[in-house]
Number of protein chains: 2
Amino acid sequence: MKIVSEQRESDTHQNIVDVAERLFSQIGFQKTTVADIARELRMSPANVYRFFSAKAEINEAVARRLLAQMEAEVDAVARGKGSAGEKLREAIATLEKSNAQRFVANRKLHELLETAFNESWPIVQEHSRTLNSVMTTIISQGVEADEFHVKDCQLAAILVRSACIRFCHPRLMVECAQEPEPTLDQMVDFCLVALR
Amino acid sequence: MKIVSEQRESDTHQNIVDVAERLFSQIGFQKTTVADIARELRMSPANVYRFFSAKAEINEAVARRLLAQMEAEVDAVARGKGSAGEKLREAIATLEKSNAQRFVANRKLHELLETAFNESWPIVQEHSRTLNSVMTTIISQGVEADEFHVKDCQLAAILVRSACIRFCHPRLMVECAQEPEPTLDQMVDFCLVALR
């Protein structure tokens, strides 16, 4: 019976995050209260607080899940087929597309991520480390295949991510939207020249 | 007599911008009113409006002058001595230092630039074009000296500026402050590999 009960707990936890994400994208995370979330789930606020000790924890859980989805997409690119150069381009393009779909298209959700980035929440730093690690994997694959020639793959990953930040940073994407250049391909080509 | 009078007009214009900059850095540009500026100059608000038709124009004039100072510093690097690689590094370092001194150290002035960048004021776009042009000059010097090998110097300038944005963008500098890598030298080295 314990397993069933644990499953239920896990479902409730997930339901809270689902409803929170929906409300955040409709009315914004700052205006969404624990009472709003509880009402949607037909439970008491006290019950929500059994799972999250504060509203800030719900904010983090929603943001973490959004970032984790992006990480999974980029990870799939690293594990997929193709040369390291192709994967590197696809990884950056995936991050751009993923950011654009989730946050540029939905300004309310964007606010959540904007705050997370502005205030350097631990989950943002964790996200950055995860993306560095995936990019390091791709660059290492390139070095093994004699496609890239760099000594420090981890540093190269950080450099490529920094160079491409305007395509992967929700707020910069909005800010740079009216500057047509560099395009993602131009920027990736530049990085590939440096790596080869 | 006309020359004296024009000189006086120009002095008054300059005094308004001086006082506005001082007040902006003390109490922030949003809280500073035209009345505050007029009071400091012992003139009537109506007299200030002879020179600037709206407070927004004073904001722009202060921001434009701050950006122009940075542009002049970078331009001096381009006109100075040294290899193109050295100049490119110095130009980025100058932008970083200049931003740090002016805006990261003074959060009130930072607000003005932050708003100008967020809202893409025309002066910010003009500033971007000016910096692109100075970087294009440096890269062209490198191509002439057979130090760099790129076909399109203007595109290369845009790419280098994009790659180094975390060192030159007031808000990103604050946001990236706790991420030690890449350092400015590492990022410039990466760009130089791509240019050579």
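**Notes on the two-chain model**

1. Asp146(B) sits in the loop between α7 (122–144) and α8 of chain B. Please keep in mind throughout that this is a predicted model. The phi of Asp146(B) is near 60°, a positive value in a residue other than glycine. Is Asp146(B) buried or exposed? Asp146(B) counts as exposed because it has 7 C-beta neighbours inside 10 Å, and the cut-off for exposed is 12 or fewer.

2. Ser120(A) is not a glycine, yet its phi is positive, about 45°. Ser120(A) belongs to the loop between α6 (107–118) and α7 (122–144) of chain A. With 16 other C-beta atoms within 10 Å, Ser120(A) is partly exposed. As background for both points, most residues other than glycine have a negative phi, and most peptide bonds are trans.

3. Which bond in chain A is cis, with omega near -5°? The bond from Glu181(A) to Pro182(A) is the one. Pro182(A) lies in the loop between α10 (170–176) and α11 (184–195) of chain A. In chain B, a cis peptide bond joins Glu181(B) and Pro182(B), with omega about 0°. Pro182(B) is found in the loop between α10 and α11 of chain B.

4. While you are in that loop of chain B, have a look at Pro180(B), which lies between α10 (170–176) and α11. Pro180(B) is exposed, having 8 other C-beta atoms within 10 Å. From Pro180(B) to Cys168(B) the separation is 12 residues in sequence and 15 Å in space, C-alpha to C-alpha.

5. Now to the overall build of chain A. How many helices and strands does chain A have? There are 11 helices and zero strands. The C-alpha trace of chain A spans about 60 × 45 × 25 Å along its principal axes. Of its 196 residues, 36% count as buried. Among contacts in chain A between residues at least 6 apart in sequence, 65% join residues at least 24 apart.

6. Last, the place where the chains meet. Here 19 residues of chain B are in contact with 19 residues of chain A. On the chain B side, the elements giving two or more residues are α6 (107–118), α8 (153–163), α9 (165–168) and α11 (184–195). By class, that side of chain B has 11 nonpolar, five polar and three charged residues.

Notes
Residues numbered from 1 in each chain as written. Chains lettered and ligands numbered in written order. Predicted model: local features only at pLDDT ≥ 70, side-chain atom pairs only at ≥ 80, totals over all residues. Contact = placed C-beta atoms within 7 Å. Helix = DSSP H or I, 4+ residues; strand = E, 2+ residues; numbered from the N terminus. Nonpolar A, V, L, I, M, F, W, Y, C, P; charged D, E, K, R; others polar. Buried ≥ 20, exposed ≤ 12 C-beta atoms within 10 Å, placed from the backbone.
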